[in-house]
Amino acid sequence: MSVAVLLLLGLVGLAGSALALRGERGTGATGAIALVGALAVAAAFAWPASGGAGVVQAGAALAALAAVAGGGPVATAVLHAADPAATGVSGGPQDPDILRGGAWIGVLERGAVAATLLAGWPEGLAVVLAVKGLGRFSELRAPAAAERFIVGTLASGLWAAACVGVAVLLRG
């Protein structure tokens, strides 16, 4: 079972990278749902499994890869589902002037979330989120920007935590 978990985590990381390289036009909800489904299957396989030191280390590395690479398409799909333009607020996810650089910030955020959780320092989540919030503070006055920030941050952080959760299940 441990090998299946490692393969699935690797697949999630590679598929997430491929979807991210295709950009928003190629991801859509289908790609995000497939990534979430593959991660759920990996978690189901990891639940009863316990691996040796090598499996645990490989699981941690692959979980970090899946967190960083797979989170972009998942967060983008969630942002599109929560598009504020659908409720009449201007500046939805398609607006290039709202929170520029969010994709790269998300990559760094998911990497930091994964690292703090894998290191056994959950308090680091507060540091990561505080730094992100302070860095974006001046841009959050617009309602669409604030909503996009909250939705994107939660989707990205929850994805990274779920990926690390699979690695933690491998520890036994």
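Colleague: At what angle do helix α3 and helix α6 pack?

Modeller: Helix α3 (residues 53–81) and helix α6 (residues 143–171) pack at about 155°, and their axes are 8 Å apart. That makes α3 roughly antiparallel to α6, since angles over 145 degrees count as roughly antiparallel and those under 35 as roughly parallel, with 65 to 115 roughly perpendicular and the rest oblique. Before we go on, this is a predicted model, where local features need pLDDT of at least 70, side-chain atom pairs count only at pLDDT 80 or more, and totals for chains, interfaces and linings use all residues. Residues are numbered from 1 along each chain as its sequence is written, and side-chain values use heavy atoms, leaving out hydrogens and water.

Colleague: Which residue classes are in the contact of α3 with α6?

Modeller: The contact of α3 with α6 has 18 nonpolar, five polar and two charged residues. Here Ala, Val, Leu, Ile, Met, Phe, Trp, Tyr, Cys and Pro are nonpolar, Asp, Glu, Lys and Arg are charged, and the others, Gly among them, are polar.

Colleague: And how do α1 and α3 cross?

Modeller: The axes of helix α1 (residues 2–22) and α3 come within 7 Å and cross at roughly 25°. So α1 is roughly parallel to α3. Axes are lines fitted to C-alpha atoms, for helices over the stretch in contact, and angles run from 0 to 180 degrees between N-to-C directions. The helices are DSSP runs of H or I, at least four residues, numbered from the N terminus (strands are E, at least two).

Colleague: Switching topic, how many salt bridges does a search of the whole structure find?

Modeller: One. A salt bridge here is a side-chain nitrogen of Lys or Arg within 4 Å of a carboxyl oxygen of Asp or Glu. Glu109 pairs with Lys132, with the closest N and O atoms 2.8 Å apart. Glu109 is in helix α4 and Lys132 in helix α5, 23 residues apart, linking distant parts of the chain.

Colleague: What about the axes of α4 and α5?

Modeller: They come within 8 Å and cross at roughly 160°, so α4 and α5 are roughly antiparallel to each other.

Colleague: Which residues line the second largest pocket?

Modeller: Ile105, Leu108, Glu109, Ala112, Val128, Val131, Lys132, Gly135 and Arg136. Both salt-bridge partners, Glu109 and Lys132, are in that lining. α5 gives the most to it, with five residues. On a 1 Å grid over the protein atoms alone, a pocket is an open set of points where a 1.4 Å probe fits, with protein on both sides within 12 Å along at least five of seven lines, and lining residues have an atom within 4 Å of a point.
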